[in-house]
Amino acid sequence: MRVRVLKAGLATTVQDGGRFGCAHLGISPCGAADLLSLRIANLLVGNGEYAAALEMTLLGPALEFERSATVALAGAACDCKVGQYRVPQNAAVEVPAGAVLQCGSTTDGARAYVAIRGGIEVPMVMGSAATDLRGEFGGVEGRRLREGDVLNLGARANGRPRRLRSGALGELRKAGPIRVTRGAQGDWFDDDEYAKFLASLYVVSEKADRAGLRLQGEAIAPRERRQLLTDGIPLGAVQVPQDEQPIVLFVDQQTTGGYPKIANVIAADMHRLGQLRPRDAVGFAEVTMPEAVRALREQEQWLKEIWLEA
Amino acid sequence: MEMIAASDSSLLVTLGEAMSRETTAAVLRLFRALQARGDERIRNLHPGYVSLLVDFDPRVTGHKEMGALVTSLVSADFVGADTEARMVEIPVCYGGEFGPDVADVAVHAGMAEEEVVRLHSEALYDVCFLGFTGGFAYLGGMPPELSMPRLATPRHRVEAGSVGIAGGQTGIYPSVTPGGWRLIGRTPLRIFDAKAARPTRVLPGDRVRFVTIKRAEYERLAVRG
């Protein structure tokens with residue numbers, strides 16, 4: 001069973017739960033920028049939650065299905081159609097043989113996910129199907145999809161398609177500041193400077209991609225200019241380079257770096273980074289480490305409870 | 001040793017204040033001891049010059065548990081001594097089309113181009129760690145006379161295998177990228193191949209020597225890949 005890419009969309013890639021265990025070789029995790037939505041899309045069609053699916057950015061692809069398939073769309077709202085029929089989001093739908101799934105623009109976020117029952121079959125590289133755009137490997141030849149690409153589907157479904165409780169995903173579109181904990185070099189910044197960072201609203205710049213979101217707004221400066229000995233960068237680190245404009249690093253981020261990290265986005269809010277678009281406003285709020293851990297535990301519990309009983 | 005929670009999913013273990021061969025070796029011992037455990041709670045290990053970032057799955061473990069694990073390994077002297085460093089020879093064709101900045105480096109250092117090549121290829125380098133991008137090695141041990149700041153304007157495209165100098169560092173570009181390093185030569189070897197069983201030519205803790213080769217030898221090795 002194959003799927004033909006008739007239109008590629010703006011930046012459509014194959015992604016999964018990410019590539020771990022290779023940071024010491026300089027290899028970043030990659031994987032879905034909004035992992036929570038990828039997991040929901042996969043669970044809807046009965047795949048393993050971290051199975052390989054398509055991540056679309058701002059403008060989605062057009063996909064022709066050789067045979068009928070069970071498909072689910074999750075993530076940012078996106079106008080998707082088969083013929084003149086609108087495809088509902090966050091639900092498993094049957095796409096008939098020969099039909100074309102037309103994905104439009106995302107409206108309330110940057111990224112949407114198309115999971116197909118069985119998962120997308122690409123060669124595994126270092127244990128993952130995720131596309132590494134900087135390294136040019138993984139996914140389909142390490143690049144964004146192109147018109148004419150043909151995707152093979154796997155036989156990796158391990159459950160039955162599921163349904164969500166109505167209104168279950170309201171939680172996901174929660175507005176408000178992105179929650180952070182103090183960063184590895186948080187003490188390089190005076191309390192006043194840190195408070196300024198937390199009190200400011202930033203704008204996501206046009207130079208935002210899966211490796212990092214450059215922000216524009218209030219300048220943040222460390223107490224003194226000193227050289228940081230290059231060290232490891234945690235996922236979601238907020239680093240402050242010499243131009244004093246913070247950068248939030250994520251999924252495709254470099255594994256080590258030399259700029260001080262003032263704060264770090266908490267794991268429970270990492271998926272929200274993947275939904276930020278250029279020109280979106282974003283603010284940050286500090287939480288304690290126990291609060292961060294509790295938020296993640298609650299999110300994992302929530303993900304178990306959003307389904308209708310089979 | 002100092003341990004701090006760098007995020008809710010990671011612990012930054014710092015083993016020294018200043019860059020030194022001893023501290024980098026201690027970081028590598030801890031890295032290897034942790035790696036050898038194959039602990040499923042640990043997702044990634046990022047060695048740096050003086051620190052190791054332990055990235056873990058916060059759903060199944062936390063800073064306390066990881067801290068206790070690190071402390072036990074450090075106090076147990078990281079299971080023995082340093083392993084013998086592997087020596088990796090990297091053939092480099094210096095100058096010419098492959099090293100467009102070698103003349104500038106020579107002027108900056110106040111020496112002849114041949115001297116730049118001699119100093120660079122006679123030194124013995126330590127792979128302190130890999131980072132930034134797939135297969136990029138942070139090498140320690142460049143003769144300080146060769147230090148030179150990056151280009152003011154980075155090049156749009158630097159070929160894979162290019163050998164460059166940036167400040168007091170030297171390194172090899174593992175893949176084609178934009179870059180601001182002063183290029184002095186190029187190796188025909190593939191430094192990074194994601195699909196190979198061993199994706200990177202060097203590993204943290206290896207020792208590296210650059211071996212000068214002529215253009216003909218470069219072409220011969222490049223064909224072999």
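Predicted model: local features only at pLDDT ≥ 70, side-chain atom pairs only at ≥ 80, totals over all residues.
Local features need pLDDT of at least 70, side-chain atom pairs count only at pLDDT 80 or more, and totals for chains, interfaces and linings use all residues. Residues are numbered from 1 along each chain as its sequence is written, and chains are lettered from A in the order in which they are written.

**Cores**

A nonpolar core is a set of buried Ala, Val, Leu, Ile, Met, Phe, Trp, Tyr and Cys residues joined through C-beta atoms within 7 Å. Buried means 20 or more other C-beta atoms within 10 Å of the residue's own, with C-beta atoms placed from the backbone.

| Core | Residues | Members include |
|---|---|---|
| Largest | 82 residues | Ala41(A), Ala53(A), Tyr113(A) |
| Second, separate | 65 residues | Ala5(B), Leu15(B), Tyr49(B) |

Helices are DSSP runs of H or I, at least four residues; strands are E runs of at least two; both are numbered from the N terminus. Domain 1 (2–163) and domain 2 (173–305) of chain A both contribute, so this core lies between them. The domain bounds come from an automatic or database assignment.

**Sheet**

Chain B holds an open sheet of four strands, in the order 1-2-4-3, with antiparallel pairing. Pairing requires at least two DSSP bridges between strands. Strand 1 (2–7) and strand 3 (42–47) of chain B are the edges. Strand 2 (residues 10–14) and strand 4 (residues 51–56) of chain B are joined by five bridges. Leu11(B) stands opposite Val54(B) in strand 4 of chain B.

Terms used: Buried ≥ 20, exposed ≤ 12 C-beta atoms within 10 Å, placed from the backbone.
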